[in-house]
Amino acid sequence: MSSKLGRINVKLGERMWNTMRKVFGIIGSPRRNGNTDILVNRVLEGARSAGGETDLAHLDELVIEQCDGCHRCWKEKRCRWQDDMVEIYDKIAESDVIVLGTPVYWFGPSAMMKGCLDRFVFFNGPETRSMVRGKRVILVVPFEDEDLGTADPLMDMFERSLSYLEMDLYDTLLVPGVTRKGEVRDKSGQMDRAYEIGRESVTVR
Ligand SMILES: Cc1cc2nc3c(=O)[nH]c(=O)nc-3n(C[C@H](O)[C@H](O)[C@H](O)COP(=O)(O)O)c2cc1C
């Protein structure tokens, strides 16, 4: 559930702005201080600059079992796997903005990000859908190729899946042309854009 209690609505002229949105970043690259890590953290920095509260998970340090389609979660509102994904479900439910970061791996997301997304079946239940409906998602995707089309299959998968779950794909940061660990720091335009996306996500309604 989106955290209404955590928000302070400030009236500026005729517009209401939420200034206490919770932003939760999920990093789906095993490379610490790599491009995904740096960019997701930059988005969170931007969110904090505008009063957002942020939290972060690195999937590589979590135990996330594979969804096997038992659909017990739809009946019991509880996954059969009581692993680290349980905390991710809670964090997603209490956050207003979710930042999903993954490098392009073979034209798709990393396996750990896909495994996490597979477990979103939990949110596809008749009673759990409301936990994510309308929630803002920011996608952060660095990759080596200079051709933006390299990310098309990955984008198609996320767009369809998030739309299916009635989530709001609020913004996407595709960063082509980065290969070496941390190389994205040299791309000041992309770093600025990451910061701006984070800042806007907690200020723009
Ligand atoms: C297993 C693997 C598969 C990859 N597949 C692609 C690919 O299909 N297209 C591409 O442009 N880059 C590909 N890359 C390069 C990464 O997307 C790129 O190095 C990215 O910046 C890594 O992000 P990170 O530093 O957050 O791990 C691949 C890298 C790995 C390790």
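## Elements and model

Helices (H or I, at least four residues) and strands (E, at least two) are DSSP runs, numbered from the N terminus. By this definition the protein has six helices and seven strands. Starting at the N terminus, their order is β-β-β-α-β-α-α-β-α-β-α-β-α.

This is a predicted model, in which local features need pLDDT of at least 70 and side-chain atom pairs count only at pLDDT 80 or more, while totals for chains, interfaces and linings use all residues. Residues are numbered from 1 along each chain as its sequence is written.

## Burial and contacts

Of the 205 residues in the protein, 38% are buried (20 or more other C-beta atoms within 10 Å of the residue's own, with C-beta atoms placed from the backbone). Two residues are in contact if their C-beta atoms, placed from the backbone, lie within 7 Å. Among contacts with a separation of 6 or more, 77% are between residues 24 or more positions apart.

Five strands make up an open sheet with parallel pairing, in the order 4-3-5-6-7; two strands pair if DSSP finds at least two bridges between them. Strand 4 (53-58) and strand 7 (168-175) are at the edges with a single partner strand each, so one side of each has no neighbour in the sheet.

Strand 6 (residues 136-142) and strand 7 run parallel and are joined by seven bridges. Isoleucine 138 has aspartate 171 in strand 7 as its bridge partner.

## A helix on the sheet

Helix 6 (residues 188-201) packs on the sheet and touches strand 3 (22-27), strand 5 (97-101), strand 6 and strand 7. The direction of helix 6 makes about 170° with that of strand 7 (axes are lines fitted to C-alpha atoms, for helices over the stretch in contact, and angles run from 0 to 180 degrees between N-to-C directions).

How values were computed:
Buried ≥ 20, exposed ≤ 12 C-beta atoms within 10 Å, placed from the backbone.
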